[in-house]
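Here are some notes to go with the model. Have it open while you read, and check each point against your own view.

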Amino acid sequence: MGVRREATSGDETGGNVPKSRLVARPRLPPGPLRDFKWYLYRLYLEAGAPTLEQIAALVAADEDLPGKPGKDTVKRLLSGGEEPPGLLDAVSVADVLARAGAGGDPAGVVVHVRRLWTDAKASPSTKPATARQLGALRLGVHAAVGAEEGEEGSLTPYIKRRHDQALRSRLSHTVRDKRSVLAVMVGQSCTGKTRAAYEAVCAVLPKWPVLAPSGPKELIDWIATDSVDAGTVLWLDETQRYLMGPLGEEAALALSTLLDHVAPLAVLGSMWPEFARKLGSRRAGSDEIHFHARALLERNRAELHVPDDLGTELRVLRQFAAHDPRMAAALQAALSRPGRLRVFQQLADGPRLALQYRRGPGNAFSEIEHAVLTAAIDARRLGHAGVLPSALLAEATVGYLPTTARVTHDSAWFATAAESLVQQGALIPDRVAPGLGAPEGYHPADYLDQSVRRTRAHLAPPSSLWEAAQRHARAAEDLCALGGAAQDRRRYAHAVRLYRRAIGMGSTAACSGLAELLEEAGDRTGAEQAAGASPQAWIQLATTREEWGDPDGAQRAYRHAANQGEERAWAALTRLLYPVDRAAAEATAVRAAEAGHSRGWLTLARMHEQLRDTEAARRAFQGAADAGDPWGWIGLARLFRQDGLLVDADAAYQAAGGAGAIPAWTELMRLRWEAGDTEGAVQAATAAANAGDGAAWSALAEARLRAGDRDGADAAYEMAATIRSIGALPRLARLRESGGDRAGAELAASRAAAAGDGGAWAVLAQLREVADDHDGANAAAEAAAEAGDTDAWIMLARLRECTGDEKDAEHAACQAAEAGDSAAWSALSRMRERADDRTGSEQAARRAAELGDIDVWTALGSVREEREDLSAAEQAYGLAMRAGDPAVWRPLGRLREKQGDLRGAKEAYRTGVDAGDPEVWTELLRLAKQQRALRQDWIALDDEGSLVAEIPGALDD
């Protein structure tokens, strides 16, 4: 995927052939039929794109070929979306194309075509479908309560809001500028996230095909096989399913590559705020888990917030309600409840279902129905993202029932319960297999899922759920995710079994999880057996051993990974060897280069640099460059520059840039600028731009600005902006605003907003607020929010609170909340607490909690604990417990230790382990050892939550 793939209208050529003769390329969704037609089409291009008549004539002239297709049959083989014609025709066309110079050995081509044709015939395929053709319900939009059968009756009239304009603007920009966009709608359950994306695609991209991968593995496979074309909508509803599981980081990297190389392209998704906070968190320990996912979202400014309050749309709602009884009923129900106007949730029947569940078994839901629902919700919150098979739910349900409720004379008890739950809208039947048929399983209603999982966030499920999943889960990624959840909760026996079944289904991620678990359990042999042929698992094992101070064991694991082709392992081996044996480290770098990997040389060079051994560093960087790594040239250039050898540095930067290290052009620009070669600096920035990177122009603008050349800086930022350099337009807006060119600043901000970046308006909001231009700041923040960026309002809330302007701070927080972002109220809560405004602090925290911010009370409790107000901190932690924040248990346990309540601390830590917080385990173990100096080797918990020193039964399976 090294060449950017642009959309065409059938004008690709494979030689000096007139464009009018080129057959249109096939447009098909990923699958065997696409693979077959794309292979033939590439043969056709490589053969010089002969005419259909020429291909048919070549086949007819060869009596040894088995088929005799006419030109229409040849066209159907190469293009279109229908099933391929006969095998003999396909083989004959492939043979003549191969003999015309395409694909290598004709015999090998024919064998490959036979296999592809057989696979295409055996697997049903569908034609590309637009959003309207697929339909809103199939793409994840919730049907309204009381909906009539069919699509028309399922959807209420659509109400366009601020985020709709922001999303549609981004999609329009995608088409106009042939660029790629990632947009993720973030909001509470049943707030219109998926409907907003659906309506935007129908309005702006009505003819683009929509592809919806079933999970992260399919997404990764599609991207790896170039199965996502330009001019496509990639539909990632419930985006956390793709970015947060065992394959999440791999999926994030794949998406980043796709967005860089395929244009135009629209990648659309949705998720709840708690998932967005986890992916965006920079707290200690979270970066390593979601580093690439966070980078993907931040780099593309992907999040668009969807508020759950329709209070500003009351007039429009009443107009629609006059003609739609479903809307009228939902509006009446929402108006009857105090607070925010949550109409969409009422349309989805969410609040009623949540209330019925909270009333407990034996009321709206029978005991069995309640248990089935609970099992389904637990399975989802613990990581089972796919359809939940009936057998899994039926077996798991038993563990959620008291013994008296397990007595039934209905042999079809599960089918009876499932049918009732489906009729009530609490359980949704699902089928991902092609064609019509019976449901393959179920998933809980979305609103009910979000509501209940918060109340159960601190609970470990009964053993029946783990065991049922191990036997009946169908997807390796679901088994691996559940294995990880069991591991986090120290239910190692279940984790081992889940991982092993996932490995049996081909999961390499499960190899890593199992290897790490067994290593921690002291089973080194088992850990290495689990790593097996997975280089990623060996890397995980090596990293674990390094953290535990076992360099020899780490080296052994890195060597296994290196021998299996993992490039990172060579660099790690070099790093470990360097302090004890520099000659061995250098020999490792040489071996790595011989294996085609240059990272060993780069690592060696940087370690030489740290010891100020410049000559050795130069040799190592040269070794990397000789091995084909352009970063070796960058390292050499840096050393030449430090030694004053500017001509050599210049040449090295050029070599690096020419070899594909784009940042080298920016460094070359800086080198030339500092040497007074302004014309050469412009040439370097131009070279970077020609490579598709505007960073050098932005750096040149900053250099000109430092030299007092504001006009030159303006022109350089304009150049950077023309090639879509991230941050160029916000910097240009700042430059113009600070220079008094308000109109020019707003023009730059408007251009950025049209491309989906509200950051420039946020910059203007800050500058104007500091300049006491509150009205101008409000207008800029509003413009930023219109573009989907609520950070400006959050920043204004902070600034105004700091200056004592409480009224305007609350206004800014309200504006952010109207756009669906609770962060401003959360920040105000902490700021007011530090300012001794207890009442204001709690009011702000309640506002944030109403918007779905479940960790606001934990954050407030931490502030109170810092200020030594332990009773108030405990009160805040109690509210966090009720809100379902799984991160509250560790600070609560430490607080209780401070108060001398060791029993309460232990209970909090144990609950934290059940909630899946891996960091709490060390606290529980420490406290247990203090209280009972009997054993020092506890490693896990059993099903009853008791400490155990081994993994009972799991290692014998």
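1. Start at Lys 178, in the loop between H8 and S2. Lys 178 is not a glycine, yet its phi is positive, at about 50 degrees. Most residues other than glycine have a negative phi, and most peptide bonds are trans. Helices here are DSSP runs of H or I with at least four residues, strands are runs of E with at least two, and both are numbered from the N terminus.

2. Before going further, a word on the source: this is a predicted model, where local features need pLDDT of at least 70 and side-chain atom pairs count only at pLDDT 80 or more, while totals for chains, interfaces and linings use all residues. Residues are numbered from 1 along each chain as its sequence is written, and side-chain values use heavy atoms, with hydrogens and water left out.

3. Next, a peptide bond to look at. Ala 263 and Pro 264 are joined by a cis peptide bond, with omega about -5 degrees. Pro 264 sits in the loop between strand S5 (262-263) and strand S6 (265-271).

4. Now the second largest pocket, with a volume of about 1400 Å³. A pocket is an open set of points on a 1 Å grid over the protein atoms alone, where a 1.4 Å probe fits and protein lies on both sides within 12 Å along at least five of seven lines; lining residues have an atom within 4 Å of a point. Points are joined across faces, edges and corners, and the volume is the space filled by probe spheres set on them.

5. Who lines the second largest pocket? There are 45 lining residues, and Arg 179, Arg 299, Ile 723, Arg 724 and Ile 726 lie nearest the centre. H12 gives the most, with seven residues. Elements that each supply at least two include helix H8 (162-177), strand S2 (180-186) and helix H14 (286-299). By class, the lining has 19 nonpolar, 15 polar and 11 charged residues (Ala, Val, Leu, Ile, Met, Phe, Trp, Tyr, Cys and Pro count as nonpolar, Asp, Glu, Lys and Arg as charged, and the others, Gly among them, as polar).

6. H37, another supplier of that lining, also packs on helix H36 (residues 663-674): their axes come within 8 Å and cross at roughly 175 degrees (axes are lines fitted to C-alpha atoms over the stretch in contact, and angles run from 0 to 180 degrees between N-to-C directions). H36 is therefore roughly antiparallel to H37 (the term covers angles over 145 degrees). The contact has nine nonpolar, three polar and one charged residues.

7. Finally, H49 (residues 870-883) packs with H50 (residues 889-898) at about 150 degrees, with the axes 10 Å apart, so the two are roughly antiparallel. The contact of H49 with H50 has eight nonpolar, no polar and three charged residues. The axes of helix H48 (residues 856-866) and H49 come within 8 Å and cross at roughly 170 degrees, which makes H48 roughly antiparallel to H49.

Definitions and conventions: Angles under 35 degrees count as roughly parallel, over 145 as roughly antiparallel, 65 to 115 as roughly perpendicular and the rest as oblique.
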